[in-house]
Amino acid sequence: MIEVTNLNKVYDNGFEALKSVSFNIDKGDLVCLLGPSGCGKSTILNMIAGLLQPTNGDIAFDGKSIVHTEPKDRNIGFVFQNYSLYPHMTVLQNVMFPLSVGNHKVDKKVALATAEKYMKLTKISDIRDKRPGQLSGGQQQRVAITRALVQNPQVLLLDEPLSNLDARLRLSIREEIRRLVKEVGITTIFVTHDQEEALSISDKIILLNDGVVQQDDDPQKLYLEPNNLFVAQFIGNPVINLLPVRISEGKIQSDFFAVPLTEFKQERFKAPLEDGTYVLGIRPEDMMPNAANPLFESVLIDGEAIGRERVLKFDLGEHHFKAIMKIEEHVTKGLPMNFNFKKEKAFIFEESGERVY
């Protein structure tokens with residue numbers, strides 16, 4: 001198990017990159033550190049690797065602090081964004097290299113057997129005699145991962161490992177990474193800013209913003225039960241629809257509709273809501289176009305076909321909205337459409353961002 005406790009990092013220029021970050025990772029789990037650029041993901045990864053020292057806080061492996069342990073003694077495999085392969089070495093030589101130096105140094109025959117074992121696992125045996133310059137991006141990525149695995153590390157760290165690959169290759173490689181680390185049974189931390197990537201491969205997502213953990217949870221829970229407005233906006237594509245609303249006279253009211261609070265699922269309210277201003281969030285798939293019991297009307301701006309679905313675009317005043325409907329249903333741009341939404345799937349946030357429904 002990895003335990004990160006009250007981790008804080010303040011750089012010499014006074015910038016506070018991490019603000020009391022805490023989380024646990026179970027042995028064998030694949031966990032994604034997710035968030036926008038500059039949120040602290042790579043800072044955490046570099047601290048776990050020993051490349052950065054925390055200002056305060058602790059990092060422990062199986063109950064033992066590693067904060068003052070040298071990087072070479074932490075038993076960590078690190079795959080960098082740019083792969084960092086040795087250009088003058090063959091694939092086999094690159095993979096064997098960690099077994100020829102430092103704490104991992106072994107007999108050459110053992111090193112060769114170990115390298116061949118992991119090259120077979122990562123399906124790169126057929127390129128063993130090529131050099132990095134002769135390889136595709138996906139092949140280089142497999143070599144970098146194999147080189148990290150031959151050390152039999154306690155923890156594997158991956159820093160945006162797919163960012164240099166095209167979209168189709170990213171999809172296949174991320175599936176391979178999950179298969180591989182699960183087959184080996186290694187605890188893995190995967191840094192990404194791509195929510196789809198994180199949702200598809202991780203056992204757990206730690207979502208950060210501005211150096212603070214916003215939610216540490218099962219991937220689906222981040223989508224279905226976001227802690228706050230930031231999480232709801234960051235997770236989901238198309239992004240969630242947001243509309244300022246007022247609560248008064250037992251209703252949620254906007255400039256376009258009013259809905260009695262009794263129509264909402266009462267057990268989802270965190271506490272009784274006081275009258276005031278809030279933000280209503282509705283995911284596009286929870287909008288109901290051409291509703292039999294319409295709540296409001298808007299003119300359809302566009303209808304974009306995406307596979308089996310159509311994404312409808314319309315405005316409520318100055319607020320841009322999207323709705324999803326089946327591709328078979330016919331729509332006409334420029335004409336009014338009726339809409340409603342699923343009250344039991346909606347979210348209500350305080351203006352500060354805290355979720356209250």
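Reader: Which strands does helix 5 lie across?
Author: Helix 5, residues 167–184, lies across strand 3 (30–34), strand 7 and strand 8 (187–192). It runs at about 135° to strand 3. Keep in mind that this is a predicted model.

Reader: OK, and what about helix 4, which strands does that one lie across?
Author: Helix 4 (residues 137–149) lies across strand 6 and strand 7. Its direction is at about 170° to strand 6.

Reader: In what order do the strands of that six-stranded open sheet come?
Author: The order is 6-7-8-3-9-10, and the pairing is mixed. On average, neighbouring strands here are turned by 15° against each other, direction ignored.

Reader: How many bridges join strand 6 to strand 7, and do they run parallel or antiparallel?
Author: Four bridges, and the two strands run parallel; strand 7 is residues 155–159.

Reader: Switching to helix 3. Which of its residues are buried?
Author: Ala111, Ala115, Tyr118, Met119 and Leu121. They cover an arc of only 155° around the axis, which puts them on the same side of helix 3. Those buried residues pack against helix 2 (91–96), helix 4 and helix 5.

Reader: And which exposed residues are on the face turned away from the buried side?
Author: Lysines: Lys109, Lys117 and Lys120 are the exposed residues carried there.

Reader: What span should helix 3 have at 1.5 Å a residue?
Author: Its 14 residues (108–121) should span 20 Å, and the end C-alpha atoms are 20 Å apart, which agrees.

Reader: What goes on at the start of helix 3, and what follows the helix?
Author: At the start, a side-chain oxygen of aspartate 107 comes to within 2.9 Å of the backbone nitrogen of lysine 109. After the helix comes lysine 123, with a positive phi near 60°.

Reader: New topic: what's the strand order in the five-stranded open sheet?
Author: That sheet goes 15-19-16-17-18, with antiparallel pairing. Strand 15 (287–289) and strand 18 (319–326) are at the edges; each has a single partner strand, so one side of each is left without a neighbour in the sheet. Neighbouring strands are turned by 45° against each other on average, direction ignored.

Reader: How many bridges join strand 16 to strand 17?
Author: Six, between residues 296–306 of strand 16 and 309–316 of strand 17, which run antiparallel. Leucine 300, for instance, has phenylalanine 314 as its bridge partner in strand 17.

Conventions
Residues are numbered from 1 along each chain as its sequence is written. This is a predicted model: local features need pLDDT of at least 70, side-chain atom pairs count only at pLDDT 80 or more; totals for chains, interfaces and linings use all residues. Side-chain values use heavy atoms; hydrogens and water are left out. Two strands pair if DSSP finds at least two bridges between them. Axes are lines fitted to C-alpha atoms, for helices over the stretch in contact, and angles run from 0 to 180 degrees between N-to-C directions. Contact means heavy atoms within 4.5 Å. The expected span of a helix is 1.5 Å times one less than its number of residues. Buried means under 20% relative accessible area, exposed over 50%, partly exposed in between (1.4 Å probe, protein chains only). The arc is that of the directions from the helix axis to the C-beta atoms. A polar contact is a pair of N or O atoms within 3.5 Å; within protein, one must be able to donate a hydrogen and the other to accept it, and residues adjacent in sequence count only if both atoms are side-chain atoms.
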